Every structure is written in C-alpha cells, then in structure tokens.
Amino acid sequence: QVQLVESGGGAVQAGGSLRVSCAASAATDSKFGLGWFRQAPGKERKFVAAISWSGTSTGYADSVKGRFTISRDNDKKAMYLQMNSLKPEDTAVYYCAAKQTYNDDIYYDRTAEYTYWGRGTQVAVAS
C-alpha cells in the first residue's frame, strides 16, 4: 500500500512559478515510477510529467515542455514539479501517482498505468 500526499499548490499570476510536492509512504521497499497528472473542471485527467525510479528518464506533455521540471528524491520518498512561466490554462487540480515497477529507467505516461493516487492540490493561475 502506498499513500501519496500533494502539497504546494496555490494561486499565482500568469508568468509566475510554483513548486508542488508529493510525499510518499509505502509499506514495502518496492520501486515506483512516479507521475504528475492534472484535471481541470469539467475535463478528463491528463498526463503532465513522469519520472523513472532512477530519476534518469523523464517525460513531459507537450503543453508543459520547457516550462515544468519533474524531479524526485528517493531518500526522502518525495517527488517535485517545478512549474515556471505559468499560464491560465495550467489551472487544475494536480495529482501525483505511483506505479510499482521492476525497471529502474522507464517512466509511465498513461493514467491507466498507475495504481496509487494522491488527493490532489489546486493550482490556479490568474491572467
């Protein structure tokens, strides 16, 4: 079982920055691929970024490439999403997700691949 808790959301002006964090707790020492997804009101949950267990492989949605950076600290059991040059269309609830993996260097970018989810943190970008 894995518990995920997001934090760091808030309100910011367009062009600003935020860093959201995900704290993980797990009953085992299993390896997990991690990802960030977001869901705007009335829309489906969409992939934002993902990172492999080793941290050496990352993937991003086209809409955030060059603006967002995903990272993780396995010693702290934490994942981060640094969001720069924020736009109003980035407004959404941001969720972190975890998938048990046996491959250190693969990241996962599909919602259906993930087993564990946090409850989300709201990010609001004003124009």
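**A walk through the model**

A: Ala124 is found in strand S11, where a strand is a DSSP run (E, at least two residues) numbered from the N terminus. This is a predicted model, in which local features need pLDDT of at least 70, side-chain atom pairs count only at pLDDT 80 or more, and totals for chains, interfaces and linings use all residues. Residues are numbered from 1 along each chain as its sequence is written, and side-chain values use heavy atoms, with hydrogens and water left out.

Q: Is Ala124 buried, partly exposed or exposed?
A: Ala124 counts as partly exposed because its relative accessibility is 28% (buried is under 20% relative accessible area, exposed over 50%, partly exposed in between, with a 1.4 Å probe and protein chains only).

Q: What does Ala124 touch, not counting residues up to four places away in sequence?
A: Ala124 touches Gly10, Ala11, Val12 and Thr91, where contact means heavy atoms within 4.5 Å.

Q: New topic: where is Arg67 found?
A: Arg67 is in the loop between strand S6 (58–60) and strand S7 (68–73). With a relative accessible area of 11%, Arg67 is buried.

Q: Which side chain does the side chain of Arg67 make a polar contact with?
A: The partner is the side chain of Asp90, at 2.7 Å. A polar contact is a pair of N or O atoms within 3.5 Å; within protein, one must be able to donate a hydrogen and the other to accept it, and residues adjacent in sequence count only if both atoms are side-chain atoms.

Q: And how many aromatic pairs are found in the whole structure?
A: The search finds 5 aromatic pairs. Rings of Phe, Tyr and Trp (its six-membered ring) pair if their centres lie within 6.5 Å; planes under 30 degrees apart count as stacked, over 60 as edge-to-face and the rest as tilted. The rings of Phe32 and Tyr116 have centres 6.2 Å apart and planes at 75°, so this pair is edge-to-face.

Q: Which parts does that pair tie together?
A: Phe32 lies in strand S4 (residues 32–39) and Tyr116 in strand S10 (residues 116–117), so the pair ties together parts 84 residues apart in sequence. Both Phe32 and Tyr116 are buried.

Q: Which residues do ring pairs link into a cluster?
A: The cluster consists of Phe37, Phe47, Tyr114 and Trp117. The charged end of Arg45 sits over the ring of Trp117, 4.9 Å from its centre (the rule: NZ of Lys or CZ of Arg within 6 Å of the ring centre and within 35 degrees of the ring normal).

Key. Helices (H or I, at least four residues) and strands (E, at least two) are DSSP runs, numbered from the N terminus.
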